[in-house]
Amino acid sequence: MRERVQQGLDSLRRQNGLYLASPSDTYHFIWIRDNCYVSLSKLDQDGDEYEQIYHSIFDIWKKYAWKIAFHADRRPEAVYQYIHPRYTADTLEEIHEPWGNAQNDAIGLFLYGIGTGLQRNRSMLRDTEDANLVRLLIRYLKTLAYWSDKDNGMWEETVELHASSVGACVAGLLAVKPFFDVDFPTIREGMVSLWRLLPQESATHDVDLAQLSLVYPYRLLPKQIARAIVQRVENHLLREYGVIRYAGDRYYADNGREAEWCMGLPWLGLCHATLGNGDAARRYWEWTQRVMTPEGLIPELYLPVQRMPNENTPLGWAHSLYLILDRLVNQLP
């Protein structure tokens with residue numbers, strides 16, 4: 001099964017080392033977030049595929065270094081002024097259409113990936129330009145006052161303060177702090193904001209799939225609180241084919257029922273593995289296999305009434321989470 005899932009992920013890889021979110025027309029783009037999550041499945045592998053993802057993102061952002069530098073000192077006033085999370089597949093340009101571009105979690109996740117790679121002695125920074133971009137991103141988050149900045153969040157929807165976005169920025173800043181100058185108050189403000197938000201994701205989302213990121217990969221929370229977050233997701237959002245993102249989600253809703261996101265299954269498995277619950281991790285690993293297509297592809301989501309996946313199959317992010325979980329499960333005693 002692992003080989004087929006890996007082949008599905010590999011089918012999304014571009015020559016520059018970046019990954020399409022999915023081959024569908026809807027998702028035929030390069031998302032920063034998706035690529036950083038894909039990179040996590042490369043972290044413990046030989047070769048330089050992990051670094052290639054970040055180097056290619058650096059190359060995209062070098063074209064917009066003027067914009068990043070400007071807003072590293074001047075807070076964006078409109079959504080389009082934020083660092084974009086999504087780019088065209090072929091020319092790697094910003095997409096000029098109305099979109100929820102205020103996605104602070106993508107910046108935090110990128111910094112987390114850079115810091116994690118540096119901690120593993122990977123060659124994340126090729127030159128001073130790469131290093132200067134990291135410094136600009138750190139200043140950008142501080143100028144944003146990310147701990148109080150209302151963004152579109154992981155799901156690119158309602159503008160509000162999201163725990164998963166604040167947590168991503170905290171985790172990213174902590175990861176690069178051993179290698180770059182990050183002042184402690186910038187991190188402290190984020191932690192204070194996160195504790196005030198929890199256990200909710202936001203003012204309108206009491207429980208949200210995005211909160212799992214605080215447990216894996218970020219490992220930001222004490223075990224007791226992390227367990228509570230996972231349990232809340234399981235109690236309120238877990239369904240037959242996956243995990244709904246939040247109660248009342250209208251994206252791909254099927255006859256009034258929320259779409260069931262397959263990636264929530266391996267994500268819950270990784271959270272349980274992080275918390276030392278091997279049996280639960282294995283259970284979600286097996287559950288993920290049951291929602292795969294006969295070809296071993298993991299869809300984005302299932303329509304719960306029609307009991308069929310949507311067109312965004314395979315979803316690269318979901319494949320990566322499964323591959324990481326598969327490795328961990330096979331290391332269990």
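1. A residue is called buried when its relative accessible area is under 20%. In this predicted model, Arg-122 has a relative accessible area of 12%, so it is buried.

2. The partner of Arg-122 is Glu-51: the two form a salt bridge, with the closest N and O atoms 2.8 Å apart. Glu-51 sits in helix H3 (residues 49–62) and Arg-122 in the loop between helix H5 (104–119) and helix H6 (128–144), so the bridge ties together parts that are 71 residues apart in sequence. Glu-51 also counts as buried, because its relative accessibility is 9%.

3. Another salt bridge joins the side chains of Lys-67 and Glu-94, at 2.9 Å from N to O. Lys-67 belongs to helix H4 (residues 65–73), while Glu-94 lies in the loop between strand E2 (86–88) and H5; the pair therefore ties together parts 27 residues apart in sequence. Both Lys-67 and Glu-94 are buried.

4. Arg-245 and Glu-157 form a salt bridge, their closest N and O atoms being 2.9 Å apart. This pair links distant parts of the chain, 88 residues apart: Arg-245 is in the loop between helix H9 (223–237) and E3, and Glu-157 in the loop between H6 and helix H7 (163–176). Arg-245 is buried at 3% relative accessibility, whereas Glu-157 is partly exposed at 28%.

5. The count of salt bridges comes to 24. Shared partners join Asp-59, Lys-62, Arg-126, Asp-127 and Asp-130 into one network.

6. Three strands make an open antiparallel sheet in the order E3-E4-E5. Strands E3 (260–261) and E5 (308–309) are the edges, each pairing on one side only. Two bridges connect E3 to strand E4 (residues 301–303), and Trp-261 stands opposite Leu-301 in E4.

Technical notes. Residues numbered from 1 in each chain as written. Predicted model: local features only at pLDDT ≥ 70, side-chain atom pairs only at ≥ 80, totals over all residues. Heavy atoms only, no water. Pairing = 2+ DSSP bridges. Helix = DSSP H or I, 4+ residues; strand = E, 2+ residues; numbered from the N terminus. Salt bridge = Lys/Arg side-chain N within 4 Å of Asp/Glu carboxyl O. Buried < 20%, exposed > 50% of the residue type's maximum accessible area, 1.4 Å probe, protein only.
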